[in-house]
Amino acid sequence: MTDRTTDASSIDDRDYELSAYRYDLPTSRIAQNPVVPRDRAKLLVIDGSATHKHAHFYELGNWLLPGDLLVLNDTKVIPARLFGRKTSGGAAEVLLIEPLDDAQWLALVRPGRRIQPGAEIVFSEEDGLPLLKVVVVSRDDATGGRVVRLVPLVDGSVDSLIHRLGQVPLPPYITASESLPEQYQTVYAQKQGAIAAPTAGLHFTENLLTQLAEKGIQTTEITLHVGIGTFRPVEVTDIKTHEMHEERIEVSAETVEKILQTKANGGRVIAVGTTSTRALEGAFAACGELKAYSGRTDVFIYPGYRWRVIDGLITNFHLPGSSLLMMVSALIGRERLMEMYEDAIACDYRFYSFGDAMLILPEAMTNRPSNA
């Protein structure tokens with residue numbers, strides 16, 4: 001169930017208007033490649049003061065305290081983008097979104113209007129050997145996609161053939177990238193299932209994680225397999241009427257225990273990315289309290305939301321009019337966030353998936369949870 005808890009005293013009518021989340025971004029500010037090393041990205045730090053600070057991600061430990069807990073999303077991007085040919089003739093593309101059972105997936109297909117139920121698409125290696133067939137089973141009205149059945153044409157599992165044929169999908173605004181597939185994975189990625197990386201986590205290196213651990217900053221993991229819900233555009237003028245597509249999440253009992261212990265000890269729970277935020281707040285919404293949870297969430301967070309779990313956030317810079325921008329606005333207020341974006345553009349920050357990062361500390365949050 002979508003959580004609509006709001007505090008009307010902390011917002012104004014503009015916070016509900018889609019147009020209030022628009023901003024102009026020069027195309028030169030859209031990062032096409034990641035920074036190397038990863039942790040050399042810029043970091044804009046927002047705390048309780050009237051001004052913000054400019055730093056670099058490798059300096060993250062300067063802003064965190066012993067006893068703080070970072071919550072990481074350990075999902076791993078799968079090579080979900082497949083290029084093939086229809087048996088009736090013509091090229092076709094399939095983007096696998098999520099498995100429905102052992103053989104069927106929810107997928108987006110191109111050209112969508114020409115690929116109707118019953119259509120078949122064959123995927124081959126460069127030598128022309130057909131390896132996999134996709135049969136379109138039905139339409140999915142919720143996503144505009146298709147339910148498809150994957151049929152191996154050679155010995156091997158569907159999963160092995162996907163990895164043999166597929167490409168890691170990059171967002172459509174990345175049009176001239178020279179990045180390697182591993183650069184679109186976090187260094188702690190473990191559980192396969194995402195169609196996009198949890199990009200705030202791309203800035204971490206093994207060395208930085210070691211430095212943070214030596215300072216007494218702990219980490220724990222949740223899993224949210226990033227799907228179409230994260231990228232589905234908000235198209236309604238009144239954002240309160242927007243409905244999120246569900247995404248699969250897993251919050252373990254071990255992670256819950258670490259969070260509760262951190263709060264009991266006076267530490268701060270810092271979500272790494274909007275996906276970690278959705279998983280934690282979504283688990284709370286599903287259970288009525290923070291408990292271990294494995295299921296789905298459609299939680300939509302926008303200004304006025306009363307935070308239940310997180311005390312701060314590490315995030316990248318998001319697309320205009322996106323639900324992610326609205327989520328971050330719920331942390332510090334829309335007007336302040338949009339001012340930060342204007343300054344980040346003026347200071348040559350890099351935007352979106354391969355771009356720079358922002359750290360929002362607890363002192364800057366609205367409706368911060370109690371650690372009691």
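Predicted model: local features only at pLDDT ≥ 70, side-chain atom pairs only at ≥ 80, totals over all residues.
I started at Y352, which sits in the loop between α7 and β17. Helices here are DSSP runs of H or I with at least four residues, strands are runs of E with at least two, and both are numbered from the N terminus. Residues are numbered from 1 along each chain as its sequence is written, and side-chain values use heavy atoms, with hydrogens and water left out.

**Backbone angles**

I looked up Y352 for its phi, which is near 75°, a positive value in a residue other than glycine. I noted that because most residues other than glycine have a negative phi, and most peptide bonds are trans. Is Y352 buried or exposed? Y352 is buried, at a relative accessible area of 7%. My cut-offs: buried is under 20% relative accessible area, exposed is over 50%, and partly exposed is in between, with a 1.4 Å probe and protein chains only.

D348 is also in the loop between α7 and β17 (357-360). D348 is not a glycine either, yet its phi is positive at about 65°. With a relative accessible area of 44%, D348 counts as partly exposed.

Then I checked the peptide bonds. V36 and P37 are joined by a cis bond with omega of about -10°, and P37 belongs to the segment before β1 (42-46). R110 to P111 is cis as well, with omega near -5°. I found P111 in the loop between β7 (104-110) and β8 (120-124).

R38 and Q183 are 145 residues apart along the chain, but their C-alpha atoms are separated by 8.7 Å.

R334 lies in helix α7 (residues 334-346). I did check the burial of this arginine: R334 is buried, with a relative accessible area of 9%. Beyond four places in sequence, R334 touches D12, R14, D15, A20, Y21 and S329.

I249 is in strand β13 (residues 247-251) and is buried, with a relative accessible area of 4%. As for N33, it is 216 residues from I249 in sequence and 28 Å from I249 in space, C-alpha to C-alpha.

E178 is in the loop between α1 (158-165) and β11 (191-194). I have E178 down as exposed, at a relative accessible area of 70%. From E178 to Q167 the separation is 11 residues in sequence and 14 Å between C-alpha atoms.

**Cores**

Which residues touch the most other members of the largest nonpolar core? I wrote down Y23, I239, W307, F351, M358 and I360, out of 70 residues in that core. A nonpolar core here is a set of buried Ala, Val, Leu, Ile, Met, Phe, Trp, Tyr and Cys residues joined through side-chain atoms within 4.5 Å. Helix α6 (residues 323-332) gives the largest share of this core, seven residues. Another core of 25 residues lies apart from it, with I121, V136, V148 and L150 among them.

I followed up I360: outside four places in sequence, I360 is in contact with I46, G312, L313, V328, L331, I332 and M365.

**Whole chain**

I count seven helices and 17 strands in the protein chain. Buried residues are 54% of the 372. Of contacts between residues at least 6 apart in sequence, 72% join residues at least 24 apart.

The radius of gyration is 21 Å, which agrees with the value near 21 Å for a compact globule of 372 residues. I took that over C-alpha atoms, and the globule rule is 2.2 Å times the number of residues to the power 0.38. The C-alpha trace spans about 65 × 45 × 45 Å along its principal axes.

Key:
Contact = heavy atoms within 4.5 Å.
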